[in-house]
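Please go through the structure shown here with the briefing that follows, which is arranged by topic.

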Amino acid sequence: IEHKLLGHKGVILALNFNEEGDQLVSASDDRSVRLWRLVFDQQQGQTWTQTWVGWGHTARVWNVCFSCEGLVSTGEDGTSRLWDNLNGEQLGQIRNYASQSIWSIDVCNNFALLGTNDGSVKIWNLRCKTTHALGTEYPCLSTILIPDDRPKITPEASLRDTDRTKTIVDRKKKKKKTNIKAQVIFGIECYQRATDDYALAVGTRHGSLFIFSLYDFKLQETTNWHDGIEDNMVRTTNASCLAISRYQIAAIGTTKGELVIRRLNCAENPTFDIINARNFKSIQK
């Protein structure tokens with residue numbers, strides 16, 4: 001271990017470097033965002049120091065990344081917040097009134113793309129803001145509705161599930177869960193393709209990977225990142241993060257420590273690799 005950065009009081013849910021690699025931003029379920037800088041000390045050499053701590057989210061902070069306008073974080077409180085890169089001042093917030101949580105985020109130039117728990121991706125222009133008595137907010141530029149890839153439930157299957165649930169509840173009291181009204185988006189990623197145009201990849205926990213054009217936001221391709229993988233190897237419902245390279249290689253991390261790597265442009269003969277790291281903590285981006 002070369003460096004050990006101490007400060008968070010809870011689970012660290014997200015880490016991201018800037019392009020130069022001399023700044024690191026972290027987000028945690030302690031509701032804070034922290035910026036770390038690589039500095040040179042004559043006695044210790046290169047070391048990482050905490051520059052500032054950002055407080056503002058009222059629930060867990062799921063993700064955070066760098067943008068040309070500052071740092072952008074997303075949280076379980078249904079907001080995304082913009083932070084000054086130099087001093088950690090909160091510059092404004094994006095409030096998503098339609099959903100309770102913003103799980104994933106990516107930034108392309110001055111646009112922030114947010115994956116929410118209502119089955120949509122919302123796009124904001126970070127250079128377009130409104131100021132009022134409650135502070136500075138950014139209006140939503142566009143909404144991409146993700147096709148619903150959940151399997152259709154027949155009345156017979158619904159009845160079986162109801163009977164099974166009643167049996168389990170009778171046997172042991174279960175914690176009440178929030179009903180999911182749309183498919184779960186576990187990750188979104190903007191990437192530059194080999195043709196030099198930009199695309200948006202959206203992954204769902206039912207195995208779908210939707211590719212949209214960032215020019216007109218239209219759906220261009222639908223593929224299944226779980227194709228050919230048995231459920232006892234990797235379950236789609238455990239997917240937690242997504243990364244795409246410009247060479248059409250996708251990486252999917254799960255809450256069970258698995259990493260699925262596969263090429264997206266091999267429809268006739270899909271190939272994939274599974275890296276099993278179940279002895280470690282869940283893979284977060």
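Thr 47 belongs to strand β4, residues 45-55, where strands are DSSP runs of E, at least two residues, numbered from the N terminus. The model is predicted, so local features need pLDDT of at least 70 and side-chain atom pairs count only at pLDDT 80 or more, while totals for chains, interfaces and linings use all residues. Residues are numbered from 1 along each chain as its sequence is written, and side-chain values use heavy atoms, with hydrogens and water left out.

**Surroundings of Thr 47**
- Thr 47 counts as buried because its relative accessibility is 16%, buried being under 20% relative accessible area with a 1.4 Å probe and protein chains only.
- Leaving aside residues up to four places away in sequence, Thr 47 touches His 3, Arg 37, Leu 38, Val 39 and Asp 41, contact meaning heavy atoms within 4.5 Å.

**Sheet β19-β20-β21-β22**
- These 4 strands form an open sheet in that order with antiparallel pairing, and two strands pair if DSSP finds at least two bridges between them.
- The edge strands, each pairing on one side only, are β19 (239-244) and β22 (272-276).
- Strand β20 (residues 249-254) and strand β21 (residues 258-263) run antiparallel and are joined by 5 bridges.
- Ile 249 has Arg 263 in β21 as its bridge partner.

Methods
Buried means under 20% relative accessible area, exposed over 50%, partly exposed in between (1.4 Å probe, protein chains only).
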